[in-house]
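Hi,

Here is the structure I promised to pass on.

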Amino acid sequence: MPDMTRQIFKVLTLNAIAAVGLKRLPPELFQIGQDMTDPDVVLVRSHNMHDMHIPESVIAIGRAGAGTNNIPVNRMNARGVPVFNTPGANANAVKELVLAGMLMASRNLIPALRFVDNLEGDDQTLHEQVEAGKKQFSGMELPGRTLGIVGLGKIGRLLADATLKLGMKVLGYDPKITVESAWSLSAEVQKAHQIEDLVRRSHFISLHVPLNDSTRHLIDHDLVACMQKNTILLNFSRDAIVDEDAILMGIENGTIKYYVCDFPSRKLQHQPAVITLPHLGASTQEAEENCAMMIADQIIDYVQNGNILHTVNFPDVTMERESPFRIAVANANVPNLLGQISTCMANAGLNIHNMVNKSRGEMAYTLVDTDNPVPAETITAIAGISGVLMVRYLPEPSFKANL
Ligand SMILES: NC(=O)c1ccc[n+]([C@@H]2O[C@H](COP(=O)([O-])OP(=O)(O)OC[C@H]3O[C@@H](n4cnc5c(N)ncnc54)[C@H](O)[C@@H]3O)[C@@H](O)[C@H]2O)c1
Ligand SMILES: O=C(O)CC[C@@H](O)C(=O)O
C-alpha cells in the first residue's frame, strides 16, 4: 500500500512531455524525472508499458494523448489505479493530418513529388518531361465525394465538420457514440447502421476508433471485399485496426487506391500505394502543449483532491472541498462495500460531511469528506475490506497547486 499522506509526489516521465505542462506541476508538490524509483505518478505518451514493471507506489498513470492501448489498463484496474488521458486535446492536429492525407492521395502528390525529384537534364528538358508526364498524376476533387468516418468521437466529429465544409458527403458509423458526440454532430452526417454499408458507399474511409479487442482487425478481408474500386483508406487510429494483409490484397486487386496511415511497418514499407507517416498525428506544438497542460491539471486535482476527470477505467468523480479532511476509495463495484466503509468511519466516531460514490463497469470510486481528521487505523481498516483496491487520505494540503 503506497504512503497516502505524503506531500511530495514523484512523477516518472516515460516520454517527452511538453515543458509548459510539466511547469504546471509545482516543485513544492512534485519531483519530476525520467529515472524515478518508486514514482507516485507516471506520465506517458506512446511508450509501451505492457512489459514494464509498474511499482506498487504508482497511484495514477497520465497519458498525454488519447489512445491508451500502450498501457496495461486491466492490471491497473486490479490495483485501483486510474489511467487518465486527454480526450480532444490533440484532435485538431489529427484532423488536419487526415485532411492532408486525403489531399495527398486524391491528387497523387507522393508519386508526383517522386517523379519530379527523379527528373534529369537542363531546365528545358525538365519542363518537357513535366508537361509530358503530368497526366499520369491527374487526380480527383473532393466536393461531391463520400467520406465514411468510422468512430465519431473527438477526431471523427471535427473531420466530419471540416469535410462537409469542403463539399463532401459524410457518412458516419459509431455504434457506441456518446450522448455528447451525438449532440455535437452535424445533422448533415448520414448514419450508416452497418460498417459494411459505410464501406460500400464511400470513396474515402477514415478510421477514428480506439484499439481494443473489438476493433482489432476491424478492417479485414471481408470488409475490403465490400469496398468500391479505388477506395482511399486512411488510418490515423492505430496499426492493428487493420489487417495489413487484407490491405495489401485490396491494393493488388485495385479495391484500395491508397492506404494512408500513421503507422509504419516492414510489410507496408516501399509499397507505392501506401503513404505512411511516422506517427505524426499529434505532433504539433499546439497538440503537445494542450495534452501536457490537460494531463498536468488532471493529475494535480487527483493527487491533491482525489477528483477524477477523464480516465479510461474510472467514473468521473469530482467534489468541491467543504471540509479539510477527505478520503478517496477505489473499490470493486460489488454490493455492501459502501456500507462497510461507512461502518469503519462510524466506528471511529467520524461524521460524514459530504460524500459522492459512482461506478463504471467493475470499478467504483468514493470521495468522503469528514468533519474531523481520519485516524490512521480507520484508513488501515478500510484498506482491509475485501474488494477495496486503493485508499488515500487527503487532508487539505498546506501548499495548493493552482488549477
Ligand atoms: N495518430 C495519432 O497521433 C493519434 C492521435 C490521437 C488519437 N489517435 C487515435 O485515434 C483514436 C480516436 O481518438 P479520439 O480522440 O477521436 O477518441 P474518442 O474516444 O473521442 O472517439 C473514439 C470513438 O470511437 C467510437 N468507437 C469505439 N468502438 C467503435 C467501433 N467498433 N466502431 C465504430 N466506432 C467505435 C467511440 O464510440 C468513440 O465515439 C484514439 O483512440 C487513438 O488510438 C491517434
Ligand atoms: O503522443 C503522441 O505523439 C501520439 C498520440 C496519439 O497516438 C494519441 O493516441 O493521442
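This is a predicted model: local features need pLDDT of at least 70, side-chain atom pairs count only at pLDDT 80 or more; totals for chains, interfaces and linings use all residues.

Let's begin with an open sheet of four strands, which come in the order S14-S15-S13-S16 and pair in antiparallel fashion. Strand S14 (352–360) and strand S16 (388–393) sit at the edges with a single partner strand each, so one side of each has no neighbour in the sheet. On average, and ignoring direction, neighbouring strands here are turned by 10° against each other.

Inside that order, strand S13 (residues 325–332) and strand S15 (residues 363–370) run antiparallel and are joined by eight bridges.

Next, the helices. H12 packs on the sheet and touches S13, S14 and S15, with its direction at about 25° to that of S15. H13 lies across S13 and S16, and runs at about 165° to S16.

How do these helices sit relative to each other? The axes of helix H12 (residues 337–347) and helix H13 (residues 376–383) come within 9 Å and cross at roughly 160°. That angle is over 145 degrees, which means H12 is roughly antiparallel to H13. Their crossing is right-handed. On the H12 side the contact is made by Ile341, Cys344 and Met345, and on the H13 side by Thr378, Ala381 and Ile382. Sorted by class, that contact has five nonpolar residues, one polar and no charged ones.

**The ligands**

Now for ligand 1. It is surrounded by 33 residues, and the closest are Gly67, Gly151, Gly153, Pro210 and Gly281. Helix H3 (91–106) and helix H6 (154–165) are the elements that give two or more residues to this shell. H6 has the largest share, with three residues. By class, the shell around ligand 1 splits into 15 nonpolar, 13 polar and five charged residues.

Around ligand 2 you'll find Arg45, Ser46, Gly65, Ala66, Gly67, Asn90, His279, Gly281, Ala282 and Ser283. Those divide into two nonpolar, seven polar and one charged.

Cheers

Note on methods. Residues are numbered from 1 along each chain as its sequence is written. Chains are lettered from A and ligands numbered from 1 in the order in which they are written. Axes are lines fitted to C-alpha atoms, for helices over the stretch in contact, and angles run from 0 to 180 degrees between N-to-C directions. Angles under 35 degrees count as roughly parallel, over 145 as roughly antiparallel, 65 to 115 as roughly perpendicular and the rest as oblique. A crossing is left-handed if the near helix is turned anticlockwise from the far one by less than a right angle, and right-handed if clockwise. Two residues are in contact if their C-beta atoms, placed from the backbone, lie within 7 Å. Ala, Val, Leu, Ile, Met, Phe, Trp, Tyr, Cys and Pro count as nonpolar, Asp, Glu, Lys and Arg as charged, and the others, Gly among them, as polar. A residue is near a molecule or strand if its C-beta atom, placed from the backbone, lies within 6 Å of it. Two strands pair if DSSP finds at least two bridges between them.
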